[in-house]
Amino acid sequence: WPYFKRQAHIAPLAVFRIVFGAIMFLAILRFMANGWVHSLYIEPNFFFKYEYFEWVKPLGSIGTYVLFIGIAISFLFIALALFYRAATISAFLLFTYAELLDKTNYLNHYYFVSLMVFLLIFLPAHQGLSLDALRKKRTKQLIVPKWTIDAIKLQLALVYIFAGIAKLNYDWLFNAMPLKIWLSANTHLPILGSLMNESATAYFFSWGGALYDLGIVFLLFNAKTRNFAFALVIFFHLTTWFLFPIGMFPFIMIGSTLIFFSADFHLRVFNHFKKQK
């Protein structure tokens, strides 16, 4: 197929690898620093297992911390592209193992991270802006198949589109549920707190969220609307991070969205910072 013969500069893919790996590294450090490793994976006496994954067992106190330290190091090595292939395989296996320990800890973005890092195993994201390229000169390759960049875009698009489709139900659109409940927990906020109990606010977020998820990808793919779309991405995810306890996921999505920008954009930004030194 002609499409699979098309090539592109590696810059968007390399930047995605750096941003994704760095944010996940910080996310794991944050998870450990907040004591969640102990409270969620060591302290409980019983874990709810996923079907077919009953064999995934707790590793004890030391083993669990070793597991999460291994996850953090793996994502750091992904960001640096140091022993990239081993790092991506390690990150996928270790992170997914931790995710499968107890289904009560399930979050959508954990599943997304597992899918994304699994995809990275097969992509040449380490061939530019990487330590592997410095270690092995033959690894450096600035031109890659275009589909390797589009594969990441497709995965991100699926996250948004399926989230939008999931919102197309009577409760979400016409009862503004569960946002009426979720938003009411934020009445303590200064200035905006009084609005959180208003039905109009819940309906605004319900319809706005559905429209955002269903439309943002098309705005990102269009070069003419991409800057506006990225501003929406930042606003939407920072708002959800401010209002709801969803961890580092908003920052993962903001950083990942940079892959929709052209290679020229990434190279201009890189050259700008290079000149500042």
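Biologist: At roughly what angle do the axes of helix α3 and helix α4 cross?
Modeller: Keep in mind that we are looking at a predicted model. Two packed helices are described by the angle between their axes and the distance between the axes. Here helix α3 covers residues 60-80 and helix α4 covers residues 84-100, and their axes come within 8 Å of each other. The crossing is left-handed, and its angle is roughly 145°.

Biologist: How many nonpolar, polar and charged residues are there in the contact of α3 with α4?
Modeller: On the α3 side, the contact is made by residues including Leu67, Phe68, Ile71 and Phe75. On the α4 side, Ala87, Ala91, Leu94 and Phe95 are among them. Sorted by kind, the residues of this contact come to twelve nonpolar, four polar and no charged.

Biologist: Which value does phi of Ala81 lie near?
Modeller: Ala81 sits in the loop between α3 and α4. With a relative accessibility of 0%, Ala81 counts as buried, because buried means under 20%. Its phi is positive although the residue is not a glycine, and the value is near 55°.

Biologist: Is Ile191 buried or exposed?
Modeller: Ile191 also has a positive phi, about 70°, without being a glycine. You will find Ile191 in the loop between α9 and α10. Its relative accessible area is 80%, and the cut-off for this class is over 50%, so Ile191 is exposed.

Biologist: What is the C-alpha separation of Leu123 and Lys153?
Modeller: Leu123 belongs to the loop between α5 and α6, and it is buried, with a relative accessible area of 0%. Leaving aside neighbours within four places in sequence, Leu123 is in contact with Leu13, Tyr84, Arg85, Trp147, Thr148 and Ile152. Of these, Thr148 and Ile152 are among the buried residues of α7, and so is Lys153. Leu123 and Lys153 are 30 residues apart along the chain, and their C-alpha atoms are separated by 13 Å.

Biologist: Is Lys167 buried or exposed?
Modeller: Lys167 lies in the loop between α7 and α8. Not counting residues up to four places away in sequence, Lys167 touches Trp172, Leu173, Gly209, Ala210 and Asp213. Its relative accessible area is 15%, and the limit is 20%, so Lys167 is buried.

Biologist: Which kind of aromatic pair do Tyr3 and Phe4 form?
Modeller: The model has 25 aromatic pairs in its count. For Tyr3 and Phe4, the ring centres are 5.2 Å apart and the planes make an angle of 75°. Planes over 60 degrees apart fall into one class, so this pair is edge-to-face.

Biologist: How many residues apart are Trp182 and Phe244?
Modeller: The rings of Trp182 and Phe244 have their centres 5.9 Å apart and their planes at 70°, so this pair is edge-to-face. Trp182 is in helix α9, while Phe244 is in the loop between α11 and α12. Trp182 is partly exposed at 42% relative accessibility, whereas Phe244 is buried at 17%. The pair links distant parts of the chain, with a sequence separation of 62 residues.

Biologist: Which residues do ring pairs link into a cluster?
Modeller: Two of its residues have come up already: Phe75 of α3 and Phe95 of α4 both take part in the contact between those helices. Ring pairs join them into a cluster, whose residues are Phe16, Phe20, Phe75, Phe95 and Tyr110.

Biologist: Which residues is Met253 in contact with, leaving aside its neighbours within four places in sequence?
Modeller: Met253 is found in helix α12, and at 0% relative accessible area it is buried. Two of its contacts, Leu156 and Tyr160, are also buried residues in α7. The whole list is Phe112, Leu156, Val159, Tyr160, Val233 and His237.

Terms used: Residues numbered from 1 in each chain as written. Predicted model: local features only at pLDDT ≥ 70, side-chain atom pairs only at ≥ 80, totals over all residues. Heavy atoms only, no water. Axes fitted to C-alpha atoms, helices over the stretch in contact; angles between N-to-C directions. Helix = DSSP H or I, 4+ residues; strand = E, 2+ residues; numbered from the N terminus. Left-handed = near helix turned anticlockwise from the far one by under 90°. Contact = heavy atoms within 4.5 Å. Nonpolar A, V, L, I, M, F, W, Y, C, P; charged D, E, K, R; others polar. Buried < 20%, exposed > 50% of the residue type's maximum accessible area, 1.4 Å probe, protein only. Phe/Tyr/Trp six-rings, centres within 6.5 Å; stacked < 30°, edge-to-face > 60°.
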